[in-house]
Amino acid sequence: MKATAAARSAGVLPGRAVSLLAIAAIAAACTETPLEEVDPASAPGQSTPTVEIEIPVDALPFWRDTAYAGYAIPATSSLRLLADSADLQARVLGRVFNLPDSILVTDTTRAVERFDAAFFRLLVETGDTVFAAGGAEVEVFAIETPYVQREATWGLAADGEPWTTPGGDLGALLATAAFDSLRDTLVVPVVVDADSLLRSWRSSNGEPGFVVRVTGAGTVLDVRALALGFEASVTGIDTLVSGFRTPGGATMLFDPETPAPGSALRLGALPAARIYTSFDLPDTWDDVPIRGSTVNRAALVFRAGPSEPAPFTLMSTLAVTAVQLLADPFVIGPKTPVGLTLSSGSVPLDPEGLGETGGELVVPITSLVALWAVADPDSAPALRVGLIADPEGGALGYQRLGSSSDAGLRPSIRMLVTPRVPFRLP
Amino acid sequence: MRTRTKGPARKGGRAVAALALALLSLRAAPAAAQTPATAPGLGQTVPAADARAAAMGGARLGLIGGSLSVLNPADLTGFSRPALGMTISPEGVSVKTEGGSQGTGRSRVPVVVAVVPRGSWAFGASFVAETDQDWSIQLSDTLSTAFGTFPFEERREHDGGLSSVNLTVARTIGSIGAGIEAGFLTGGLRQTFFRNFETAIEDPTVGIGVARGEARFGYSAFRLRGGLATQLSPGLRVSGMLSWTGDLEAKQDTAAREVARYEIPMPVEWALGGSYRVASRLLVSAAGGWAGWGGSGDAFVSSEASDVWWLGVGAEWLGLRLFGAGLPVRAGFRRTGLPFHPVDRDPITETAFTFGAGIDVAGGIATMDAALELGSRGDLAASGVEESFTRFSLSLSVTQP
């Protein structure tokens, strides 16, 4: 740079010193820190609001819903009620098998010579039990008509085979005990010859079985465990040996029987009911694009119908989980295969929380809808959702929910959607 | 933090939500917000001036003593030895807002130049930062929905700008230097927004995740510049330049489904300037120009463009010495129009008082110049943008002995 050299003095500074100055200056260079904005509407840059939308199911391109029942039945449920009330009659059936002909006593197997005594032991959930003011009597009868565990109901011993007397054909009274107060363990002694009864059951594998009932107006016992206890004489020792056997083939008969769901939606009940839906979403709703957008949250919103009368009033909270259905439930039916759950946790269905008719049950299905929104339309997942209440069959009560045919209680789909930003040059 | 209720989109609420969506997503015109000058259009233009020219009010045409700035290709005829120079310009910015001001900063390398004279010819290559689109903003708000109330933080960011790579040929013919420069304008812009929702205030187990968006634009254009410069006397040099740029193609090359392409008309520019040694130790300079950016605004969603004038004046005094070395000190003033401004707002004008000094180092092989510019740009009420800035420029050049 000829002119520069001429314009400046011939004197120079040491390069190292000036380099240090330069480094210090660069170090002092300003950093780019983001500006803080208080008003999203006036902030520069292109963005898009996250918008809440709610679509009634009758406005969807497609929606079907139904309730299927039978996912837990009395034979598979853990619910065992003994009831003698105006609203509910309930009994328990069972069979005692695997009664021993020998018992291991201190490393020696000894033959059973005789069953000296026997009793039924009932462990009762006292919190859910209603005990009649005047006391209650628990009775165990031989049952005269063989029953099929998974088919027996209050009216039927097996499919197509009604009891002679609804509620089971009671035979001889085998055990009985009266109780004047509630306790958590009820022992009902066998009042017939224990040896002949248990030998008979041992030889017949418990057939045809027994039925347990309670009498005492207004009594409802929630039986959590039922066992037959016995004391037996064995060879070689003088003392009695005791043992317990849990009956098999157990089930519960109750009256009235659970009404069929019909077109109504329900969760809970015994047989347990599930809600299955199949639907499609519009690409846009009220000018808000859904397809192609980020779905921050999506949920099925069901609205509670009126409470069911006793004994089907839902009394306790259910945990509701949404699952993806792997086939069309309206083609496959109740046995439609179930896929992954659609949210990380379950939603409580609290009958008190639902309040009056119209209370909302909001079940997240975000993962399914979010995937649908961003997938190519030709490969988007089918929107088929099942609602499962846990525990299934844990109570007779159920919650009715509005279906697409219930004006005013129709379900809806609620979403938080962030549409894609239509970025342009600023 | 404010609470905004977007609410369930039932009945009228849905219409409101849709209207808000349309307004916010399609036309993001800031009313009187914290809009930085780099936000509108192609951003803030960056003068391709080295620290010496910057200290003299940006008057970089016909500068006696030479300048490793880039504007008039004919000015390369002022070099007799190969030279290489680079300038860095960090800038501290205070952005005025309705409630006060906020500080931020920008760092740039405005110009890198190499010059190789060969007889009456001179060849040059340069890299120039033409515009700066870098900025970011973050905000907090709360979204109230039927699912719950979700505080969120949102960050919007632009990263990019326009640069050029230029090849220059100049020749001295008699007392006149003539030059021509071919420039390829390139660069890009990455726009992002990221919204991070906290869990619901009412139930920490309920979350709605994040929302994000991103777009990338790539720029390309071709520019031709021609210029003349002459030494009218040993103490007077004048210089002029004319520039034409083809339409800038802005191609959206993001992974988004819609790929867009925009053609942005670029300006014809001219500039005149010169310097005059009024005394043995005092040099004065002046330069100005015009750029026809007015037709460039149609492609932008929230910005407009306007033609701009610029003018700079400065002086250099050679009377000081430091550690035995000459210490030229400089001062100047400039006023520059910025081509882009928020839509429906007034154009932005930038003014600055400039100061600087220079020194030869390492036995004269290298030269270091520094400049300090104190200025402001825009008016919050009129143009929607108002900033004050302090720009420090540092140029380092090496010359073949």
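1. In this predicted model, Ile365(A) touches Ala298(A), Ala299(A), Leu300(A), Ala322(A), Leu342(A) and Val385(A), leaving out residues up to four places away in sequence. Contact here requires C-beta atoms, placed from the backbone, within 7 Å of each other.

2. As to conventions, residues are numbered from 1 along each chain as its sequence is written, and chains are lettered from A and ligands numbered from 1 in the order in which they are written. The model is predicted, with local features needing pLDDT of at least 70 and side-chain atom pairs counting only at pLDDT 80 or more, while totals for chains, interfaces and linings use all residues.

3. The largest nonpolar core has 118 residues, of which Leu267(A) and Ile365(A) touch the most other members. Strand E14 (residues 219–234) of chain A contributes the most to this core, namely 8 residues. At least three residues of the core come from each of domain 1 (51–72 + 261–418) and domain 2 (89–255) of chain A. A nonpolar core is a set of buried Ala, Val, Leu, Ile, Met, Phe, Trp, Tyr and Cys residues joined through C-beta atoms within 7 Å. A residue is buried if 20 or more other C-beta atoms lie within 10 Å of its own, exposed if 12 or fewer, and partly exposed in between, with C-beta atoms placed from the backbone.

4. The C-alpha centres of domain 1 and domain 2 of chain A are 42 Å apart; the bounds come from an automatic or database domain assignment. Chain A has a radius of gyration of 35 Å, whereas a compact globule of 426 residues would be near 22 Å. That radius is taken over C-alpha atoms, and the globule rule is 2.2 Å times the number of residues to the power 0.38. The C-alpha trace of chain A spans about 130 × 60 × 45 Å along its principal axes.

5. Chain A contains 6 helices and 28 strands, these being DSSP runs numbered from the N terminus (helices H or I, at least four residues; strands E, at least two). In helix H6 (residues 366–374) of chain A, the buried residues are Thr366(A), Leu368(A), Val369(A), Ala370(A), Trp372(A) and Ala373(A). They pack against several strands of chain A, including E21 (294–303), E22 (318–325) and E26 (383–390).

6. Strand E7 (residues 108–124) of chain A pairs with E12(A) in the antiparallel sense over 5 bridges, where pairing requires at least two DSSP bridges. Leu122(A) stands opposite Leu186(A).

7. Glu350(B) lies in strand E21 (residues 348–361) of chain B. Why does Glu350(B) count as buried? It does so because 22 C-beta neighbours lie inside 10 Å. Beyond four places in sequence, Glu350(B) contacts Thr336(B), Leu338(B), Gly375(B) and Arg377(B).

8. On confidence, the model scores ipTM 0.81 and pTM 0.82. The mean pLDDT of chain B is 89, and 90% of its residues reach 70 or more; pLDDT is the predictor's confidence in each residue, from 0 to 100. Over residues 1–32 of chain B, pLDDT stays under 50. Where pLDDT is low, the predicted coordinates should not be read in detail.

Technical notes: Contact = placed C-beta atoms within 7 Å.
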